[in-house]
Amino acid sequence: MNSHAATIDHHHDATTATGIPNKKLLWWAFLASDCMFFGALISTHLVYRLNPPPGNAVPTQIFNIELTSFSTFILLMSSLLMALAVNAIQRGNVRSTRTMLLGTMFFGCLFLGGQVFEFTHFVYVKKMTLSNSIFGSTFFTLTGTHGTHVAIGVLLLGMMYVRTFKPAQGGGLLLNFVHLLAVCVTFGVAFIWFVPGMIEVVYGASFSELLREHAIPFAAGIVGLIALIALGRTRGAVEFGEKNAIDVEAIGLYWHFVDIVWIIIFTAVYLLEYL
Amino acid sequence: MAEAIAKHAYTGGAHAPVKKATFELFARPTAKTGLVGWLTTVDHKKIGMLYGGFAIFFFLVGGLEALLIRTQLIVPNNHFLEAQTYNELFTMHGTTMIFLAVMPLNAAFFNLLIPLQVGARDVAFPRLNSFSLWVWVVGAILLNVGWLSHFVPAWKFGGAPSVGWFGYAPLTSKAFTPQLSTDLWVFGLQVLGLSSIVASLNFIVTIINMRAPGLTMMRLPVFTWMALVTSFLLILALPAIAIALVEVMFDRNFGTNFFEVSGGGQPILWQHLFWVFGHPEVYILILPPMGYVSEILPTFSRKPLFGYPIIVFSGVAIGFIGFGVWSHHMFTTGLGNVATAAFALATMAIAVPTGVKIFNWIGTLWGGQIMTRVPMMFALGFIWMFMLGGFSGIMHSAAPADAQQQDSYFVIAHFHYVLIGGATFALLAAIHYWFPKFFGRMVPEFWGKLSFWLIFIGFNCTFFPMHFLGLNGMPRRTWTYDSNMGWNEGNLVASCGAYLLGLGIFTYFAVLIWSFFKGKVAGNDPWDGRTMEWSIPSPPPEHNFAAIPTVHARDAWWYEKHHQEEIAQERAEHIQAEESHGGIHMPDQSWYPIIAAFGLLIGTYNMAQLHHPVEMFNKVIFATHLPLAITGLCILVTACYLWSLEGPGGYHLHIAPDGKVTESRGDH
């Protein structure tokens, strides 16, 4: 897989008029568009924040700023792993790329798990729902849209991870699909049940009760994890290599962008309330 | 040799057989013709024709809706239509003409022309291009499916959407329009927005990155420049309406309070978000037509375009200022004096680059050898009619005057002058101008000119009286009116004009259909064109250019016609160089774009009626539509995953010195 190492220039594409690879330009343009999506949502939130109706939820009584700060830190660190994944594939190191992709996805899941915990906590403990206050409407829609972006990012990284196993020769589409399914199940269980549950445990819930309560999803998650480990041990030549660096880099752009947006949301939605 | 190649219009029978790759669900399609060929095509020309065909169909549907509206208004106190039907008709007339006729017609020309004008073999992402097309079809289906409930009682959509094309809150809330038609409108527009964003991203990359050697940005044909500006407007403006539609969707389905006054929401937020999109949208509709006219006027004046850099700069300036004028749609909402004054000033300012363009077009005509062929007639009509629409537009920019004109027929007159007199005249000019290139046949001059005069006279009879109707107080969207209002004559003239306009449009397209079968065969370059698309055979072969051209001048093809020996030598060298690199690379067709779009259709159609039970044979199968919506989502995700595994694929074309083209497959 390293045979072309000397011939690939990762910063200049001779086949395009500008030297920028097409995929990279496409993602940059898309991110410009995505800025406007978040711009509209953040504007909605800020406009309604200035005009609260009577009986609106009080943000500082609802937020758990320590937890959100922690998950913000986790999301920022995931960008480091993403950068390392890009670096690994640019050196043609597929194994290291896989590790870093999984690491990025894992950190993404920690963040998402924090958000799942937060949402459940707000709805069931603080009694703030989508519909009972305008703050709830704008908060859940804005942070939910961001969470969806992170979840799509994890899915894209998962697809990329599975794609690194596509063999150079021969079939195996079904196996590849099972592999993707294992990724989805494992990481899905992780951020929907496992991570929020562990946060509950940190706040004093009983671990054994958590296991009993979500026995079925945890069992599915463990099966997924075992499948993931087993399928990850596959050896043999793969098609994926240094030539795919641009693909990893493109997803990396998206991932970093979603990170930066979170910094803005964290400031405008959370920190602003404590001024 | 170059001549031999130019003469050989290669389209071939079927592609070279695909080596059966084991890592795929089913074999990649190779049929170039027939249903499979069209459904799975990645060829920008075929995709452009599909866009064009669908758009013309909806243009005629929207026109029919307009004729029904005019028939209802022809005499006072008319009961030709029910009031509810009338609401559905004006809503769908606006939505159809903007999103399903003018925008996709522009998209058709983007597809057909951009790769040819930049000297490329296809767009940057051919499969993504096919995806945009089919996603657009999904949006068109969602918007129009409501009509079925008028004919099949079992389809309980409550008719077509009836909330007006800008769907102001709180009319769109569940309390006022509980029907599914509004949900389908919300999802239909959302899906159309997705299609436009994806297509625009593709065009941006194509224009910036796929330019032929020598084609600097300031040598790009003006049409391509305007397409670039329009694409940027689309990707930056559509998110605002996408979020607004998400908020309405949440209000309707999940009980949020974005536009619910009782819950602390403010309906005016909808107006802001809608017009932050809606005003750039106006320029999205008109900038490409400015591009067509900038191509057609110099060709028929036998002169280069006057003030090319200024025209390009004005187009960019219009796009830029276009984001700062949205509140002039909201002068009567009470924004406050400062905001009103600022938006009034910005609106007056945007007239400047538009005026600059008009002066440049007149400068192009000045001293030229004007040939009044049919495309030129429409282009000249465009300048005149668009200017009239512009004048009434400047009247709106004065906020106090606008307070009188708001929501009256004066506004209707204004935007039909810019959208028919402007956008549509230019589109009709463009269809006529490029018809010989893509169908290889000429349209007869007499019938073309007849249709022009019918359209021109019919259009003015329809819309000129509306200025006076509006100033006399006739409100827009009125189902009927009393006979003592003084509006009788104006409406009668307008309706008669509309029938004449309808006759003109019918003549125009009837002549095109006749020409498609029986028209005189056109050569490669019937108008003595200036841009690269006229240098290749009509209709163009699938690979567009036997050799990627090197561009030496702004009017590249005029230059080549005067330097034939130099160009012939250059072409021969390019062909040889490309052959030594394995031949011309062409992308493979794919099933996944249309399958992904199908998943989107299932997902959005069911998501729109989320809270309704799924019934079949009078039995409730699911309590909600959620399972079906998730099924659609899974189809979409799976198709995208298989799409990514499939890879671009591709085969090679080889051009022999005698111009004969052969295909091969290999691992290059």
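**Notebook: a sheet, a helix pair and a chain contact**

I began at B:Met586, which stands opposite B:Tyr651 in strand E4 of chain B. I keep in mind that this is a predicted model, where local features need pLDDT of at least 70, side-chain atom pairs count only at pLDDT 80 or more, and totals for chains, interfaces and linings use all residues. Residues are numbered from 1 along each chain as its sequence is written, while chains are lettered from A and ligands numbered from 1 in the order in which they are written.

I then looked up the pairing: E1(B) and E4(B), residues 651-655, pair in the antiparallel sense over three bridges (strands pair if DSSP finds at least two bridges between them; strands, E, of at least two residues and helices, H or I, of at least four are DSSP runs, numbered from the N terminus). The open sheet has three strands in the order E1-E4-E5 of chain B. E1 (584-586) and E5 (661-664) of chain B stand at the edges with a single partner strand each, so one side of each lacks a neighbour in the sheet.

Next I looked at the helices H11 (374-397) and H13 (409-439) of chain B, which pack at an angle of about 160° with their axes 7 Å apart (axes are lines fitted to C-alpha atoms, for helices over the stretch in contact, and angles run from 0 to 180 degrees between N-to-C directions). That makes H11(B) roughly antiparallel to H13(B), a term for angles over 145 degrees.

Last, I noted that the contact between the chains takes 35 residues from chain B and 33 residues from chain A (C-beta atoms, placed from the backbone, within 7 Å). On the side of chain B that touches chain A, H7(B) gives the largest share, nine residues.

Definitions and conventions: Two residues are in contact if their C-beta atoms, placed from the backbone, lie within 7 Å. Angles under 35 degrees count as roughly parallel, over 145 as roughly antiparallel, 65 to 115 as roughly perpendicular and the rest as oblique.
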